[in-house]
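Please keep the sequence and the coordinates in view while reading.

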Amino acid sequence: MASSTSSLAPAAALLERLGLRVTQTDAADDHHQAVPPTTMPSLPLPGLLPLRCAVQHYEWGRRGADSLVARLAGEGDGGEGRPCAELWMGTHPAAPSSLAPDVSLRDWVARNPAALGRDVTARWGGDLPFLFKVLSVAKALSIQAHPDRDLAAALHALRPATYRDDNHKPEMAVAVTEFHALCGFAATPELKEVLRTVPEVQELVGKEESRKLLGVKEQDGGIGVRSYLKSAFTKLMTASDEAVSKAIANLKTRLNSESKARSLTKKEQLVLSLEKQYPGDVGVLAAFFLNFVKLNPGEALYVSANEPHAYLSGECIECMATSDNVVRAGLTPKYRDVQTLCSMLTYNQAFPEILQGMPVQPYVTRYTPSTDEFEVDRYLLPPGKSVTMSPVPGPSIFIVMTGEGEIQAGFMTDSAKAKEGDVFFVPAHTKVKLYTSSPRSMQLYRAGVNSSFLS
């Protein structure tokens with residue numbers, strides 16, 4: 001396999017097309033090697049593998065019993081006061097699930113490719129193509145976007161310490177509680193209203209860029225609007241720290257004063273809330289440019305590559321391609337790659353589609369995004385009921401969210417207990433039957449490879 005230095009030329013070319021400067025320090029050797037092919041095992045695969053999964057203690061996570069992640073992971077005290085933000089279920093090397101203390105799921109599936117299925121192995125090699133998570137969000141995550149495949153490969157080749165893999169990261173969030181997010185750019189009429197009524201934003205964007213955006217006609221089409229929007233958003237995001245801090249202070253003073261005479265809009269209330277979480281952060285003002293999205297439990301949001309978004313509050317199930325590539329530009333103490341983010345975005349203006357899911361059998365709803373790597377099923381089993389998942393030619397991961405019951409898989413003659421917080425890996429071509437065994441309903445979620453790819 002060629003080393004990453006041989007890929008620097010096309011990577012550098014891609015970044016320069018985005019207007020990003022490439023320096024020699026960006027180029028670093030990457031010794032990642034593909035998993036060597038292995039032979040199919042001769043013994044039958046187990047039907048069900050209990051997983052031990054890692055918790056990520058990011059600062060934005062909920063704490064203690066208020067955190068669904070903490071409860072599922074058995075850290076009801078929040079890990080001695082630490083925030084419990086994400087539960088990772090999968091093979092990503094940053095936090096791989098394990099079958100035992102010394103056996104990672106990543107290594108096991110590499111040695112047992114039959115567990116992935118022939119088509120999945122042929123397409124994605126000896127690894128799971130998806131990463132499954134539970135999120136418990138107390139404060140806003142960063143304003144961010146995820147690169148497409150080409151940009152991910154380029155960023156990884158040039159800045160491997162920051163962008164640690166070369167994969168894209170489309171993702172989908174399924175709300176468990178009411179869930180709030182920012183996603184995609186607001187429509188032109190809303191942006192014009194921002195420039196007319198929020199002088200603090202107009203000042204940072206500048207008179208010339210504001211004039212161009214305010215002068216856009218609806219019939220001009222999207223290309224011209226995208227150009228003006230990109231220029232205006234970039235001016236905002238690259239404003240000096242001093243100018244941003246002054247603008248936010250003025251905004252806070254003005255809104256607090258005006259709130260005594262009128263009701264603030266939802267977006268105005270949101271930016272004041274964000275200012276308390278991230279004082280002086282340009283992301284507070286960037287929120288004016290983005291759509292505010294509210295998901296009710298059971299609704300889902302799909303985020304494709306190169307689209308700006310930020311999760312704000314609530315708890316959700318999340319599934320994505322196996323990657324941890326994030327380009328951040330606001331609402332974060334972490335590294336910000338503002339130039340890359342402003343260059344990579346599509347600047348499409350459309351309110352994101354809210355997915356309701358489709359029933360695939362009694363008690364089962366499926367959420368199917370427009371990417372091959374994954375889909376998510378939600379199981380809501382009333383007391384005393386059962387449901388069967390027919391064998392599929394790809395792997396699955398199940399997590400029990402509430403209730404308890406029994407799970408039977410493959411050639412198991414006995415069923416295994418399944419209670420809140422249990423996570424199971426199910427190999428390809430395995431039949432699964434679920435039963436409730438308590439007076440409560442049982443809620444589970446399943447992540448698997450998109451059925452449209454497997455069919």
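Leaving aside its neighbours within four places in sequence, with which residues is Glu 86 in contact? In this predicted model, the residues that Glu 86 contacts beyond those neighbours are Ala 54, Val 55, Gln 56, Tyr 58, Trp 60, Val 69, Lys 133, Val 134 and Leu 135. One of these contacts, Gln 56, is 30 residues away from Glu 86 in sequence, yet their C-alpha atoms are 5.0 Å apart in space. Glu 86 belongs to strand S5, which covers residues 86–89, and because its relative accessibility is 5%, under the 20% cut-off, Glu 86 counts as buried. The side chain of Glu 86 is also joined to that of Trp 88 by a polar contact of 2.6 Å.

Turning to the nonpolar cores, the largest comprises 55 residues, and those with the most contacts inside it are Val 201, Phe 233, Leu 236, Met 237 and Phe 289. Helix H10, residues 222–237, gives the most to this core, contributing six residues. When residues up to four places away in sequence are not counted, Phe 233 touches Phe 185, Ala 286, Phe 289, Leu 341, Cys 342, Leu 345 and Tyr 347. A second, separate core has 39 residues, among them Leu 51, Leu 68, Leu 105 and Val 423.

Strand S11, residues 179–185, is mostly covered, with six of its seven residues buried. S11 pairs with strand S12, residues 290–295, in the antiparallel sense over five bridges, and here Phe 185 stands opposite Leu 290. S11 also pairs in the antiparallel sense with strand S14, residues 309–321, over four bridges, where His 309 is the bridge partner of Cys 183.

Notes. Residues are numbered from 1 along each chain as its sequence is written. This is a predicted model: local features need pLDDT of at least 70, side-chain atom pairs count only at pLDDT 80 or more; totals for chains, interfaces and linings use all residues. Side-chain values use heavy atoms; hydrogens and water are left out. Helices (H or I, at least four residues) and strands (E, at least two) are DSSP runs, numbered from the N terminus. Buried means under 20% relative accessible area, exposed over 50%, partly exposed in between (1.4 Å probe, protein chains only). Contact means heavy atoms within 4.5 Å. A polar contact is a pair of N or O atoms within 3.5 Å; within protein, one must be able to donate a hydrogen and the other to accept it, and residues adjacent in sequence count only if both atoms are side-chain atoms. A nonpolar core is a set of buried Ala, Val, Leu, Ile, Met, Phe, Trp, Tyr and Cys residues joined through side-chain atoms within 4.5 Å. Two strands pair if DSSP finds at least two bridges between them.
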